[in-house]
Structure formats: structure tokens, C-alpha cells
Amino acid sequence: MADLKVSITPQQQNTIQSKILSLCKDGSHLLNHDDINGALRTFKQAFLLSSKIPEEKIQKDCLFNLGATYICVGKPKKALKCLLKSRRSGMEERDGDLFFNIGAAYDEMKEYSKAVKFYERAINEYGYDKVKSIADALIKLGYCFVMTGDLSSAAHSFRLAGHTYVKNHKLEDAAMAMREAAKYMINSQAFSQAAVLQTLNSCVESLIGISDIQLLGISRYLLYRISDTEFRYFCDIGYRNRKHRLMGLQVLSDDACNSDSD
């Protein structure tokens, strides 16, 4: 026997939709203030209410919110289930966010090859007004490439993320991305010394206005036998005062050696 649906009046439906909207706003507020469990409870309430009305779009939107929040609480399998069910037919403005979150779910499940595919789909779906979202996806993509052992592709992703962050005036993020790009360019041994120096120079050019000066260290160990003369020349590029020159002597990454043999 088919399930019987309880009919509701238009007025009742409007009341429920208003309540769902309110719950979704509350959930987003809680999520933005790091109350993840509170957000999860709120989005669950919204989804349960959405099942009482015949509006598929609202139900799928609630599933999307629930799935994204499940990722935050470390339940990627539940997240994936909700996200896949939230997909609507046709191209949607939020498809980029959907693919990003599906990628994040696979990422959390350590299924990095699948995560790569969805991060790439997210990047392709995001419009020109989603520059920061594109850069964030490129960063996630880069680390997935690292986990799959494709260091060359990781370096390309981080470098592209760095350029994209610059376009969005996110200089600290740009510097971090360029630092990671240089690190994996070196580790992959697939790039020339000139290419590494060019990337590190882009990192240095992002220094102006950055408050976290430890973010952008440069290590001679990571520059693979670059001579002292070349190293000093590079450290002078884009630097305007002694504070900046000293910044160039910080350790680039956790992989740097603890002592210098020179």
C-alpha cells in the first residue's frame, strides 16, 4: 500500500516554510560561530520540517545544509549520503559548492582519487564571482594530489591557488599557497631552479601588509644547493627593509632540516 500523505493548507505550508527559513538562518549563524553541534541539531530540525511540505527544492536545500555540517562534525559517510540526495536536475549556481562538499567528504574518508575528481568539478563549476572558492578548492586539490603521490600536480594546484588568492587580495593565503607550491616543486624534482625561484619571488611579493611574518620563511636547505650569492640575491628581491630581509631567513616548512651544514 502506498504511503498516505497528510494534506496541509497553503497557510500551514507558509508557516512551515517560514520556520524552516528561520532554522536555516540560525544554523548558519551557529556554524559561523563554531557551534557545530548546535548547527547540526538546527539543520536536522529544518530537514524534518521540510519533509512535511511538497517543496522538493526546500527539502534538497535542507539536505545540502545537513550534509555540509556532517563534514564539520567528522561524519563524512552521512555527509555524502545527504549531499548526493540533495542534487537537483539541471545546472545550478550552487553546483560548485555541492561538488566541493562531496570532494571534502571523500577527502575525509581518505578516498583521495575520488576527492580529486569532485574538487576539479567544483573548480570548473564556480563562476568568476567565486574567486576565493576556486582558490580554496585548489588548495584542497593540492593536498589530495600530495596524498596520492602526484607532487608535480600538487605544486601546480598550489601555485594556481596563490595567483587566485592574489586576485582576491588574500595576501596571507597567497603567500601560504606559494610557499606550498615551492615546497612541492622542489620535492617533486620536476621543476627547474628558475621556476622555484620565480614561485618564491611571488611569495615574497605577497609580503607587503602581512602581519604573520613567520608564514613566509625561506630555507637554504629547501633551495637545493643554491649558492650563497644566489640565495642572498633572491632574498633581496622585493625586500625594502631589514625586517623583511630577516623574514627571508625563517624556515620555509616543517620539512626543513634542523641545522645547516654550512
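View A. D34 occupies the loop between α1 (10-32) and α2 (36-50); helices are DSSP runs of H or I with at least four residues, strands are runs of E with at least two, and both are numbered from the N terminus. The phi of D34 is near 65°, a positive value in a residue other than glycine. Most residues other than glycine have a negative phi.

**View B. The loop residue K110.** K110 is placed in the loop between α5 (95-108) and α6 (112-125). Its phi is near 65°, a positive value in a residue other than glycine, and K110 is exposed at a relative accessible area of 60%.

**View C. Helix α4 and its residues K81 and C82.** K81 is found in helix α4 and is exposed, with a relative accessible area of 54%. C82 also lies in helix α4, but C82 is buried at 11%. The C-alpha atoms of C82 and A68, 14 residues apart along the chain, are separated by 8.5 Å.

**Notes.** Residues are numbered from 1 along each chain as its sequence is written, and side-chain values use heavy atoms, without hydrogens and water. In this predicted model, local features need pLDDT of at least 70 and side-chain atom pairs count only at pLDDT 80 or more, whereas totals for chains, interfaces and linings use all residues.

Definitions and conventions: Buried < 20%, exposed > 50% of the residue type's maximum accessible area, 1.4 Å probe, protein only.
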